[in-house]
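Subject: Structure handover

Hello,

Here is the structure I said I would pass on. My notes on it follow below.

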Amino acid sequence: MISKQPTGERLLLEELPDRWRGLREAGPVRYDETQGVWQVLDHETVAAVLADPATYSSDMSALAPTQSDFETFRQGNFVGMDPPEHRKLRTLVSQAFTPRVVQGLGPRIEAVCARLLDAVADHDRFDLVDALAYPLPIIVIAELLGIPGEEHRLFQEWASVLFGGDQLGEAPDMADLERALEAIAPTVREMNGYMLDHIRARRADPGDDLTSRLIAAEVDGVRLADQEMVGFVALLLVAGHITTTALLGNAAVTFDRHPGTNAALRAEPARIPAAVEEVLRWLPPFPELGRRVTRPVVLGGHEIAADTLLMAHLGAANRDPARFAAPDVFDVTRHPNPHLTFGHGIHFCFGAPLARLEARIALRMLHERFRMLAIPSYEDIAYQNPAVIIGVRHLPVEVRRP
């Protein structure tokens, strides 16, 4: 589902935080009658929930609809696992996907950004998502995995189907989710088969890429099974692609809505990392994280039964006045900035360092290339389905060069 901004109305990206603020006014914990879930809304309680995987499980298989093709991906998706399985997989993957590996991608990210921006070098107007925010993380991930350049388009096609949200409304129920899973199952099946073939080829002929390092990773004599690696690749596609795409688009819109921001960051590029963190706080791409309550608990004075679905609302927690001074003010100099956008505890987002690095480099290069980057018409922005992700799908911009 693509939503366009009607004339005369506020931006969707500005309306959503108002809704989150309204949720919090009812108290730190509330029951959503529409979706039949409990919501946790304050920073302290959200952090406590995310830090307690024994009570608030990430394994949602008992509550969520199932689909056979997706079950194959679950084997390596440690985001949906609890200890000890989570610890085993994350430890193995961490051997291959190290901070040093991520930092070493800096020059390559710069080269990809340069090539993508060169492609619009003679354009005064272009779609920032199509030109940069969408292809950049896909290319980086595909190269990281050792995927041949001519096949990068496959990743773009898969990502478009997996995260388009075209089968969902803004408040999906279980029946909507089941229909969506069935609709995108053929894409999942194609991706699964492709990655299994790629892993087997690398096992026979290892190279200097993440796939080969995943194959070689070993802890206490345990190695990753092929299907576990496929599940991790699917996870990396989420963490390393859609978050960066949304972050860059959200940054461009938010900077444009706060005059002077682009000029200030252009003058002082060293402030870009703090600005990225404020965009993450302001508009978390995934504003809610689901958890399954494993035992009866009392939260905010409410009794919540075991096997209940609980949503930790990052968007509301990131605007909690008890944790942030002037939470409804966008401040690129904010420090400290303890937002929860990348989660908290053992499930802190594995792809966060890569998303941050890509966003910092891309924004710096945009400011170097253009002395002005503006959104000429907010009516031409197309949004992602907010039930899936907070971001823009199309973002026409106007630029001027030095």
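Contact here means heavy atoms within 4.5 Å. This is a predicted model, in which local features need pLDDT of at least 70 and side-chain atom pairs count only at pLDDT 80 or more, while totals for chains, interfaces and linings use all residues. Residues are numbered from 1 along each chain as its sequence is written, and side-chain values use heavy atoms, with hydrogens and water left out.

Leaving aside neighbours within four places in sequence, Phe155 is in contact with Ile138, Ile141, Leu145, Ile147, Tyr194, Met195 and Leu237.

A nonpolar core is a set of buried Ala, Val, Leu, Ile, Met, Phe, Trp, Tyr and Cys residues joined through side-chain atoms within 4.5 Å; buried means under 20% relative accessible area, exposed over 50%, partly exposed in between (1.4 Å probe, protein chains only). The largest such core has 102 residues, and Leu136, Phe155 and Leu395 have the most contacts inside it. Helix α12 (residues 226–257) gives the largest share of this core, 14 residues. A second, separate core of 17 residues includes Trp38, Val293, Leu299 and Leu314.

Helices (H or I, at least four residues) and strands (E, at least two) are DSSP runs, numbered from the N terminus. Helix α14 (residues 272–282) is largely enclosed by the rest of the structure, because nine of its 11 residues are buried. Glu277, Glu278 and Arg281 are among them.

Two strands pair if DSSP finds at least two bridges between them. Strands β2 (residues 29–32) and β3 (residues 37–40) pair in the antiparallel sense over four bridges. Tyr31 stands opposite Trp38 in β3.

Regards
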